[in-house]
Every structure is written in C-alpha cells, then in structure tokens.
Amino acid sequence: MTLLAPLALGIGIAAAAVVLGLHLLTTRRPPPAVLPTARFVPVSEARAVARAQRPTDLLLLALRMLAVLLIAAAFARPVPDAPGPQVRSVVLLDVSRSLADPVTARAAARERLTVGGALVLFDTAAREVAAESLAVLGDDASTGRGAQGALSPALLAGRRAAARIARGADSVRLVIVSPVTEGAADAATAGIRAAWPGGIDLVRVDAAADTATAPAPRLVTALADDPLAPALALLPRARGAHAVRIVRDQPGAPDSVWAREPGHVLVHWPLADPMVAAPDAVRASGTDAVTVVAPLARLPLASGGRVPGRVLVRWRDGSPAATELPLGAGCARDVGIGLPLAGDLTLRPAFVRLLARLVEPCGGRRPAAIPDSTLGWLRGEGSAAWAAPLAAAAFADSSLGAWLLAAALALLLVEWLVRARRSA
Amino acid sequence: MAVGPYGALLDAVRGVRWPARRLVPGGSPGAHQARSRGVAPEFAEYRPYRQGDDPRRLDWKLLARSDKAFIRLAPDHAVLGTTFVVDASASMAFPVGSDGKWAMAKHLAVGLAAVAHASADPVGMVVATAGGARRVEPRTRAGVVADLARTLDAITPSGSAPLAPLVAGARNRCVVITDCLGDFDAMRAALARHHARGGEAHLLHVVARAELEPGAAGMLAVDPEDAACERPLVEETRAAYAERFAAWRAEVARAALADGIRYVEVHDDAASDVLVRRIVRVAGVAGDEARA
C-alpha cells in the first residue's frame, strides 16, 4: 500500500490528537456543588474547560478518532502496491510518414513493450491501441497519414496510458520510438514533457528522406499565357518521388484515376474572373509560412470548405483557400485562389513560395530529423517514473478511498446515534 | 431547661449582660435605663414642681429649707424586648453536611437570648422558613430560651423566605441573623426604619469559611435558592469570585452602619461564646473591630 499524499495522514493523526485533547478537556463538566454565594462567580460558560482525571465516553472517543483517521487515510489516497518490483512501459510509436523504415520502428517498439504495458500510436494525433495490435500491424508505411509525428498529443496520450497501467506497477518507463523531425515539438511540448516525472527513453529511428528529384509539375490549362506558367518555371526542383498535375479546368475522370496513384498530387486550381479580383491576402502557415497580398478572387472550393481535409492555405479571415483531400494512394488539392491574368504577382518570390507549398507531396513536405544533441530536454534525467504519483491521476477510479470515506461516514453516523441515545 | 448542644455556650455566657445602646421606652421595670424618670431610690435631679405633679414626689425637706417646691427625680429602668429574626433559607444550610452557617445562627440566637433573658428582658423569635414564619412570642418566663432552642432545632433550612416583613413587626431590640443573600435591601430598609423609630437594630451576617475560601477543586457552583444560577468556579474565576465577594461584604457592612444598624460579620468556624460577648459589647460598634 502506497500513500500518494502521506501528509494528509499526518494531518489526520494530528487532528485525532486534537479530538482526544478536546475530549479530555471539554467533556469534563465541573461537578456541581452547592455554593450560596455562586452569584459572585463571574458569569462564564457553565461547561468550563477542565481536564478530566479519567477519560469517559471511551466509545464515543474511539468512534470519533477512528472516523478522523479514516477520513485522513482516504485523503492520503492509498493505492495498492505492486506485488513486487515491476516496470511497465508505455511505448509511443511514431507511425507518420516521416519514418524511413516503419518495420524497424515497430520492431523497436515491440522490443521495449513489456507485459502489461501500453502502446500509443501517433502521427499528428495520438491514440492508444492494444499492445497486441503491434503484432498485427502490417509493414505498410501508410499506417499514419500525417507527415510527421506530433509529440504533444503523443505525450498526453502516453501520460493517460501510464496513469492507467501504473496501478499495480512499481514504475513506468516511457519510450518514444520516432525520428523526431522538425516541427514535431510545438509550444506546448516542453510543458507537457516537464509534467512527466521521469526520464524518457527516446529511440531515434531513421527519418524518411527524399533522395530523387521530383519531376516538374505539369500544368494542364487552356490558356496560352496562363499566369501560373512563369511561376512554375521559377520553382526550384523539389526532391521526392511525387508527381504533380495542376488542372485549371474541371478535372475529369482520368485525372481522378491518375491522382489515386501513389505519390500523385492532383491540384485543381480554376481560372478566375479578373473582374471579381479584390485586394486580399492568403497565408500558408507552418515552419516556412508565407503570405501573399494581392488582388485576388475568392473562388468557391469544390468541397465548399467543409470536407474534413487538410487546409493548406487560408484567407486572411481564416476561411480555407486551399485544401487537400486524400484520394487513394495520392491526394487531390482544391485551390480557391483566383489569380489575375495580368501583372507580376506570379513572379513575386512570395507567390513562388506559396506555389511551392501547393505542389508539395501529399501530406506536406517531409521534415528533416532534429539533431540528436538538441533533444536532451526531451530525454530528461532518470529512467522510469515512480508509479505511485502517476496512479494519482487514476485515483478517481480507485475504490479504496471511497470505501474509507464511506466507512468514516458510517462511523460518524454511529457516533451520532450513540450520543443521541445517551442524551435521551 | 433542655439546653442540648447549647450547654457549653450557656455556661460560657452566664453573667454576661447586654445593656441597651440607648434609653429604652418606659415600661415594666427592668435592667435598662428608661427615658422616663421615676421614683427609684437613686437621686438624679430636681425639677420645679408643676401643677399636676404627684405631691408625694415633692422634696419636703428642700421645700422647708428653701421654700421652693421641687420634684425629686430618679432614673427609671425598664425592660427591653428582644426579637430575633432568624433566616432559615436554603443558603443557611451550608456547608452541605455540617450546616455550619445554620449551626452558628442557632448558637447566636440561643446565646444572645440567654443573655437578654438574664436581664429579665422578654425574648422572642421569628424564623423565616420556606413554609412561613415560625414564631416564639416574647416572654420573660424561665423556659423561653429552651423554647427558642427547640424551635430552632426543629427547623431544617430550605427554600427562601423574605425577612423584611418579619423585621417590621419586631420589638425594641431586633436582631437579624442571616447571610444577607436573600432580600437584603428590603430587610436593611426595614431595620433602618426600626432604628429610626428608636429601636435597636442588629445585623449578624453569617459567612461560612467555605464561602470565603472555596475548595481548590473546580466545581460548578449552584445557588441553592436559584437553580438557574450555576457558574463554574475554577482556577480562572476563583480570584474574581473572592474579589467580588469581599467587595459585596464590605458594601453590606458600609450600608448597614450608615443606617445605624449594628453590623457584625460572623464566621461559622468562630467560637460562638466569643461572638456573643463581642456582640453585646456596647463599644466598638463599627468597622472591622466589630467583625468576628
């Protein structure tokens, strides 16, 4: 049995001592005695404080002290101890596309997953799965759709899983199997990491890297002088195995079939009526955020902006300007940014960078791995975390404290009954 | 005479006299100087004869020598009726068990009655009890002191009863024996009126040693005449109690003496014969000297 808040038990013992003292002091009513001159005694409480020579009402005293101690024990939050020294592990397995070799990552996770441990899969989101599911996961790299694993949701899910498995364990080890690429940590990650009471076993796996040079995006347009053409010419050659097709008209069935192929990116970017262009701004957020301010036309997205896809670019009021929807093994992008047919907008560096974001591989560009030397804050010091504090989070599920409180209330009820019977 | 427990006291006060503190009204011949002049053998003064005087009181020899008619006057002596008003309220039955205050009150009443009766004064008594006044009418006969003793012995103090109405009907010498814890103000006013009418007023304030020095153990002090009055007498309140009790007794003495009442504070552990001698002493009326 481990007490998560032993101070509460100490306070309870002190309170029981106070109860004992009060019992010896206040329950001692001075013996009545005839004194004709009692009127000259100063008026005060007739139940004067006096020390009892011998304690009386021992049953009431015992009930009160026991009730106080039980309440204190309940607030001390007892949790049952593990049968013996037992270390359980929570494995956070990155299943994003940033992994170069998911099989190796899963093998590393399987190696570190202990009996009774928990498995959390994460990419941009995290979810706990049964530890046995690790064995049935295939070798397909597309287990996760996110470009990279986000550490914050993974750590939160790991903390919840640790609180669940901590009861009955001696300590809990947190293992992260991930390449930990750029952007994996956000502003909240450091705070969430600091909440973990122990060290983290960080298993770095290789990040996927694009070695081949991707072909230039193909522009399918009816305009001879499409303004996108010079911008595409200015695009640096991207690395990767993906192919991009930009369709300025309504995409047809062949386009959709093509987009389902692995690594294919179909960009539907309709032409705009130059008369409806108005000064506006679009922004692509992320590590290489870019903003373009120009006379632009807001074109309705084919999905109406309600399809739960990934938003690549937003208008200045936050409404989606370009979205990505997975399609088979590839993806389809819908761009609602109407470009002016004249002017040098498409030649500006900002627009070229915006265009580069729109022709990235599905799920975004694969980020590079962070140097291992900069991840000391994530590893921390120590190894496994003591299980008892972790189990505090699961205390609400613990029935022992509730039983202790119920017993204390029952004792107080009995004390009241005994007192009422004696005073009757 | 059935003297019972008072034998030693009566022996001790035998021969003690209790002279009146002022001239008594005329009446039956007695041991106290009266306001009137009589024909006693002792010569006091001459007074010119006035029409209506008894010619037998003329000093014929003086008339023969001076040819002036004078009446020969002599001091007259009369008896002084004495009434004891004894408080038999519950507060007099203290300390519990020994009833020291009540015992002292009885001894004082019997002892003083014996002294007064020895001067041929009529002696009577009124005992204020919860059941009403118990009276022994003033008599000069031989067994009146024994009657007083029997009456007192038959009474157990209890309840509470006012003393003022009993004082109002007292004779020339009124002796109130009480602990002053009842209707003190009314009783004191009645005694003051009695004194103003020419009577002697005595107030014997009976105080128990246990009231002056309560036991060290804490207790819930309960007034026997007022059950609602129960207050803890513990270490913290003991000093304040003693101070307030002493101040009250001083105020009682001061008020009584201011009204011309002879006040004596008697303690239940004092020797009753000594107290009797001190009470009947004419001098040393006021102040602490008068206290036992």
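In this predicted model, A:Cys331 counts as buried because its relative accessibility is 1%, where buried means under 20% relative accessible area, exposed over 50% and partly exposed in between, with a 1.4 Å probe and protein chains only. A:Cys362, at 16% relative accessibility, likewise counts as buried. Residues are numbered from 1 along each chain as its sequence is written, and chains are lettered from A in the order in which they are written. Because the model is predicted, local features need pLDDT of at least 70 and side-chain atom pairs count only at pLDDT 80 or more, while totals for chains, interfaces and linings use all residues; side-chain values use heavy atoms, with hydrogens and water left out.

The sulfur atoms of A:Cys331 and A:Cys362 lie 2.0 Å apart and form a disulfide, a term for a pair of cysteine sulfur atoms within 2.5 Å, and the structure holds 1 disulfide over all chains. The torsion about its S-S bond is about -90°, so the disulfide of A:Cys331 and A:Cys362 is left-handed. The pair links distant parts of the chain, 31 residues apart, with A:Cys331 in strand β16 (residues 330-335) and A:Cys362 in the loop between α9 (349-358) and α10 (376-379) of chain A. Here helices (H or I, at least four residues) and strands (E, at least two) are DSSP runs, numbered from the N terminus.

Strand β16 of chain A belongs to an open sheet of 9 strands with mixed pairing, in the order β9-β10-β11-β16-β15-β14-β12-β13-β17. Two strands pair if DSSP finds at least two bridges between them, and β15 (residues 320-327) of chain A pairs with β16(A) in the antiparallel sense over 6 bridges.
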